[in-house]
Amino acid sequence: MVASDAPTDRVWEVFRQEAEGDPMIHAGNVRAPDEELATHYAREFYGRRQESHRLWVVPRDAITELDDPDLLQPPFDRSFKRPSGYLIKHKLEAAKARAASPGPPNE
Amino acid sequence: MTGPDQLSPATREALAELLLSVADDEFVIGFWDSEWTGIAPMLEEDVATSSISQDEIGHAKALYELLAALTGADADAIAFGRAPDEYRHAALMNHGRTDWAFSVARRYLYETADAVRLEALARSSHVPLAQLAAKMRREERYHQMHLDAWLRRLAANEGSRQRLATALERLWPDALAIFLPLDGEEELVASGILPEPMATLRARWVAQLRPVMAGLHLPEPVDSAPPTDGRTRRTDDFRWLHGEFTMVARSEEVATW
């Protein structure tokens, strides 16, 4: 194929949904001069095998990108912000055992 | 409602002719446009054109199978086992791939004509044909959208509009052959297998094309009777393509694919 470097070409990011209610997942991208052809090509690349229920076709330049490491990868320890920072396994087991017991022992 | 068993021999023969001509149209245009695989104007269009070509071969397969069920023949033998002169596609499909504008012009003419024909066949009294036509229309709708997008784009630029116009003028008489009346057509119309005569469908198609072409400053389609050899005339271009698409089948004639 002949490489097309026409200045009018734009990159369109394509998201696909497999079934109604599923999340839209990034599928890949296509290059096209406008929305109409972008939609056609998205359909060919990400829908021609009946694998998609819905497609979103978004011009790449409409996407706001955030990749600043100071904002996304701050230097201090953030482990306490992860759910795994709290070990509740044993507390949970104890709570379950209490809930399963018939009640306070009769004296 | 007519099942194949209730058809008179003459009607059955005419139905076979109808199925063969539609199947060959789809089959041959599918193979012609597959010649763009790898060299289309851009990667995305390459995939799209190849995919549409595959769809057409798929439609041809379904039609050959319908024909095979009617005549007791083998669908693969019909598709690949005939000599070039035994094919019944319209003369529109006699031309080589040529340039992109030529291929867009041909496919636009074909898709719009096919849409009119399929709309009629979906009303056929021959139920298997009506069902298949309804199914094909769902895919052809997309083909038509795609070609419509290309026709408008090429017409918007003076250089490509000129190429498109030249191709449309060259192809027009051969495109009319899509609606060449079939042998035994009266039988088909009387039994409702073909709900309307080809000439009526042709007039409808031309009337639809006229405003589109005028709006894009492309040559006006002139309605006239198709050439009588419109589905029997063959060319060296087609004989070459026939050599290509029968190559694998000829390599091992007793093989099961």
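Which residues in α4(B) meet which residues in α6(B)? Ala101(B), Phe102(B), Val104(B), Ala105(B), Arg106(B), Leu109(B) and Ala113(B) of α4(B) meet Ser160(B), Arg163(B), Leu164(B), Ala167(B), Leu168(B), Leu171(B) and Ala175(B) of α6(B). The sections below set this contact in its surroundings.

## Ground rules

This is a predicted model: local features need pLDDT of at least 70, side-chain atom pairs count only at pLDDT 80 or more, and totals for chains, interfaces and linings use all residues. Residues are numbered from 1 along each chain as its sequence is written, while chains are lettered from A and ligands numbered from 1 in the order in which they are written.

Two residues are in contact if their C-beta atoms, placed from the backbone, lie within 7 Å. Helices (H or I, at least four residues) and strands (E, at least two) are DSSP runs, numbered from the N terminus.

## Chain A

Chain A has 3 helices and 3 strands. Along the sequence they follow the pattern β-β-α-β-α-α. Of its 107 residues, 12% count as buried. A residue is buried if 20 or more other C-beta atoms lie within 10 Å of its own, exposed if 12 or fewer, and partly exposed in between, with C-beta atoms placed from the backbone. Among contacts in chain A with a separation of 6 or more, 45% join residues 24 or more positions apart.

Gln50(A) sits in the loop between α1 and β3 (54–59) of chain A. Its phi is near 60°, a positive value in a residue other than glycine. Most residues other than glycine have a negative phi. Gln50(A) is exposed, because 6 other C-beta atoms lie within 10 Å.

## Where the chains meet

On chain A, 13 residues are in contact with 13 residues of chain B. β2 (25–32) and α1 (35–46) of chain A each supply at least two residues of the side that touches chain B. α1(A) gives the most, with 6 residues. By class, this side of chain A has 7 nonpolar, 2 polar and 4 charged residues. Here Ala, Val, Leu, Ile, Met, Phe, Trp, Tyr, Cys and Pro count as nonpolar, Asp, Glu, Lys and Arg as charged, and the others, Gly among them, as polar.

## Nonpolar cores

A nonpolar core is a set of buried Ala, Val, Leu, Ile, Met, Phe, Trp, Tyr and Cys residues joined through C-beta atoms within 7 Å. The largest one has 64 residues. Those with the most contacts inside it are Leu19(B), Ala23(B), Leu63(B), Leu92(B), Val104(B), Ala105(B) and Leu164(B). The largest share of this core, 11 residues, comes from α1(B). Apart from it lies another core, of 11 residues, among them Trp12(A), Val30(A), Ala32(A) and Ile52(B).

Leu63(B) touches Leu19(B), Val22(B), Ala23(B), Glu26(B) and Leu132(B), not counting residues up to four places away in sequence.

## How α4(B) packs

The axes of α4(B) and α6(B) come within 8 Å and cross at roughly 50°. Axes are lines fitted to C-alpha atoms, for helices over the stretch in contact, and angles run from 0 to 180 degrees between N-to-C directions. α4(B) and α6(B) are therefore oblique to each other. Angles under 35 degrees count as roughly parallel, over 145 as roughly antiparallel, 65 to 115 as roughly perpendicular and the rest as oblique. The residues of this contact divide into 11 nonpolar, 1 polar and 2 charged.

α4(B) and α8(B) pack at an angle of about 135°, with their axes 9 Å apart. That makes α4(B) oblique to α8(B). Thr112(B), Ala113(B), Val116(B), Arg117(B) and Ala120(B) of α4(B) make the contact with Leu201(B), Arg204(B), Trp205(B), Gln208(B) and Leu209(B) of α8(B). This contact has 6 nonpolar, 2 polar and 2 charged residues.

## The loop between α8 and α9 of chain B

His217(B) is found in this loop. His217(B) has a positive phi of about 55° although it is not a glycine. With 12 C-beta neighbours inside 10 Å, His217(B) counts as exposed.

Pro219(B) is found in the loop too. Pro219(B) is partly exposed, with 14 other C-beta atoms within 10 Å. Pro219(B) and Ala165(B) are 54 residues apart in sequence and 6.1 Å apart in space, C-alpha to C-alpha. Beyond residues up to four places away in sequence, Pro219(B) touches Ala165(B), Leu168(B), Glu169(B) and Met213(B).
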